[in-house]
Amino acid sequence: MTIVDATRSPSSADTLPAAASATLAAYALVSIGSSLHGDVLLVLGVPLTTAGFALACLVARRGDRCSAPWPLGRLTMLLSALAAVGLVTPALDDSVRWFTVATRIFFAAAIVLVAVFEGARGAGRRRVTMALAIAAVALQFAACFGVHVTVDLWSWTETAARALLRGIHPYTVRAPDLQHGGFDFGSTPTVYPYMPLTVIAAAPWVAWLGDYRFGVACCLPITIALMRRGGRALDVDATFIDVATLALVLHPFGTSITATGYMEPLLVTAASAFVFFAATVPRGSAEATAFLLLPALKQYAIAPVLLYAAFRGRARTIAVGVAAALASVAPLLLWRWRPTLDGMLYFVRAPLAFRTDSDSLAAVFFAITRIETPRAVAVVAQAVAAAAAYRTLRDRGLDGLLLASAISLLASFLVAPQAFTNYYYFGGALLLLSSLAAARAPVAA
Amino acid sequence: MRRAIVRSLAAAAATLLVLGAGHVMYNAAFCQRHQRWVRVTERHDPVIRDDGYAFARTGDAIYACSSPDRLGPALAWHEDLDCYCAPAVMGAEAVGRLLNGQCTVDHLAPTRQDETGACRHAHCARHLDP
């Protein structure tokens, strides 16, 4: 009997690999912690997020020596906890009643359905997974109708995309303040403060359906498909693929991320595409392109790129990936370089105020000491965490790269003067993808 | 299957208990609105709020409101005190009804330069709309 055969024996059908399961638990803690806002943000939210980060570090250090394989029941309890938090997460401002009710019904049903999942076998488990995935995808699209969004992020992205569609440079327009001066976070952008690729991704949806959030909503089904296909290509046990899918669709704030217009689902899709390509065409140009598009979507994803080069770097594929990322920036730079750079570097150069309502240890530290953590600490933390994680994980291949990327980003978010649930949505997704890669069947000797 | 359902429901209930405990802990030890109430009513500080990210919008008045902080419909923990932005046309009574508390108008036409009153520089805890 080969090692592969041994891992597929009937007796192990309801146990899952220790390191992969622990990484998935870290994802659950980060997702739950970063979904808690308001009164419990500092007393529960940040501690739980930090616990998830600590567990991820522990997995990085100990790998499969963490513990014995996890029983499936332990992971379904975590899924149930995710659903419970989703059930009581307050509705976004300006949500219509039917949407709030639909979201509550989804999470309430999920608490029961994850138990049905645990009790079922093969096809039954797949049916439960698909039912919840389809419902979650439906909620993503419903969010575009069910939440009237007024945040500046949405206003800026819509305005920039509409400008691009009219042939106006998107970094030369100003977005209307939909909150009529109701909020001031210490710095009011004078230029679109995100990356060009986000405008390019938003524009077709604005032209077609009048709201880029429909495009963001498409990310979940694409991510699910890529994750599942990637998992199968890696020869991951079908039950673990289903558990990872459920963990993704039961993110307590997943629907709100789309409803608010955050762009992180695009990063999650790019990372899933990376896993899919890494599983099907390892170390090819496609995986490099998918991974190196991350900083072209969000400025904070710097260390993962360096980690990619260190873990899986090949000069030719990196060149292709860098060229793809530059291709998303170059047209607007050539069109008008100064406003494009002003926008891309806005968060680096603007005098951003410390946000006491951040999901971060820096906010807890401020609440206790009234001392603001300098912005540079987040940059240093990302670099130091990436270096330390690389040192520990460099022999762990695909799951090591994803885990190191997650650790480096989460470390920087936790000490950042501004860090919010959308950041952790992506950091958490990297943990989830790492767990999927770590669950691959051992290669026969 | 029944065991799995019981376990899942127990996990959800335990999660909600932890969240509930977090709320109780916050209210018992860290409730900022109650701390404002203590500061103003017991230590006679004239300023309720002079910080935060929410500001009065055009047409908003700022209302200083005290309201009981409740755990469920029956049990009132303590009194809260904070500043709220709401349309000037609403009036203090209507804003008080929204919060189940009592409000007074602090500034009818607040500005970021306000150095007087209990709610300074147009700061408020949040916006209330009818």
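A:Asp342 is partly exposed, with a relative accessible area of 29%. In this predicted model, A:Asp342 pairs with A:Arg349 in a salt bridge, and the closest N and O atoms lie 2.5 Å apart. Over all chains, the structure holds 21 salt bridges.

A second pair in chain A joins A:Glu264 to A:Lys298, at 2.8 Å from N to O.

B:Arg57 meets B:Asp129, with 3.1 Å between the closest N and O atoms. The two residues are 72 residues apart. B:Arg57 lies in the loop between β1 and β2 (60-71) of chain B, and B:Asp129 in the segment after β6 (126-127). B:Arg57 has a relative accessible area of 17%, so it counts as buried, the cut-off being under 20%. B:Asp129, at 44% relative accessibility, counts as partly exposed. Elsewhere in chain B, salt bridges form a network that links B:Arg33, B:Arg36, B:Arg49, B:Asp51 and B:Asp82.

The two chains meet at an interface. Here 25 residues of chain B are in contact with 29 residues of chain A. The area buried between the chains is about 2300 Å². Carbon and sulfur atoms give 70% of this area. On the side of chain B, B:Arg7, B:Leu19 and B:Tyr53 supply 28% of the area buried against chain A, more than any other three residues.

Ten residue pairs are in polar contact between chain B and chain A, with both residues at pLDDT 80 or more. Two elements of chain B, α1 (2-30) and β1 (54-55), each give two or more residues to the side that touches chain A. The largest share, 16 residues, comes from α1(B). By class, this side of chain B has 16 nonpolar, six polar and three charged residues.

Two salt bridges are found across the interface of chain B and chain A. One of them joins A:Glu118 to B:Arg7, with the closest N and O atoms 2.0 Å apart.

Definitions and conventions
Residues numbered from 1 in each chain as written. Chains lettered and ligands numbered in written order. Predicted model: local features only at pLDDT ≥ 70, side-chain atom pairs only at ≥ 80, totals over all residues. Heavy atoms only, no water. Contact = heavy atoms within 4.5 Å. Buried area = accessible area lost by both parts, 1.4 Å probe. Salt bridge = Lys/Arg side-chain N within 4 Å of Asp/Glu carboxyl O. Polar contact = N/O pair within 3.5 Å; in protein donor to acceptor, adjacent residues only side chain to side chain. Helix = DSSP H or I, 4+ residues; strand = E, 2+ residues; numbered from the N terminus. Nonpolar A, V, L, I, M, F, W, Y, C, P; charged D, E, K, R; others polar. Buried < 20%, exposed > 50% of the residue type's maximum accessible area, 1.4 Å probe, protein only.
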